[in-house]
Amino acid sequence: MARSRITTTDLHDALHQLLDENPLRADEGHPEHRLFVYHGKPVELNATLLHHFGASINQLKSLDAAIWSVENDWDKVKHPLRRRYTELAWTCLSHLSGGDTEGAWANSHDYAFGPRDVRLSWIARDYDRTLDGRRRPWLYDAAEFEQPQADRELHPGCSAYPVPPAALRPFAREV
């Protein structure tokens, strides 16, 4: 039996499991340096998702080193873990950045999988599906969503974890 590769939908479902436990979750890493692993456990969103799908701590450390060696360009990384994921899932994983502020993982979820609305676009008149498809190609994978190439529709989007307003503006003063 052939093993299937991990898809964007698998990543999305795993992220939902993590956010169901704690919707305000954030990275818990080193206070000064960005690391995938700290004190023997995955601490960033990417590392936690990779670990969820079976990556060992040593594999996460070597992937972290490989990513830093290509200046954080995930598309240039040559690592055995990459073969476990579809190309678009790997691209999606590279955009799930997390962060250390409260609600950062939900914010990353919203950026990667949230619906795009003309009213929410910072330049509403320039909102375009083709532009969104270039920025978030994992939502337009015809094979993954079983849609004919000619009839590709926008992924319905997921708004299950709305980002708390305080998490969007970490430096804003409350009035």
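Colleague: Which residues of H1 are buried?
Modeller: This is a predicted model, where local features need pLDDT of at least 70, side-chain atom pairs count only at pLDDT 80 or more, and totals for chains, interfaces and linings use all residues. Residues are numbered from 1 along each chain as its sequence is written, and side-chain values use heavy atoms, without hydrogens and water. Helices (H or I, at least four residues) and strands (E, at least two) are DSSP runs numbered from the N terminus; buried means under 20% relative accessible area, exposed over 50%, partly exposed in between (1.4 Å probe, protein chains only). By that cut-off, the buried residues of H1 are Thr8, Leu11, His12, Ala14, Leu15, His16, Leu18 and Leu19.

Colleague: Which helices do the buried residues of H1 pack against?
Modeller: Contact here means heavy atoms within 4.5 Å. The partners of the buried H1 residues are H2 (45–52), H4 (87–95) and H5 (104–113).

Colleague: Which residue forms a salt bridge with Lys41?
Modeller: A salt bridge is a side-chain nitrogen of Lys or Arg within 4 Å of a carboxyl oxygen of Asp or Glu. For Lys41, the closest N and O atoms are 3.7 Å apart, and the partner is Glu28. Lys41 lies in strand S2 and Glu28 in the loop between H1 and strand S1, so the pair ties together parts 13 residues apart in sequence. The residue asked for is Glu28.
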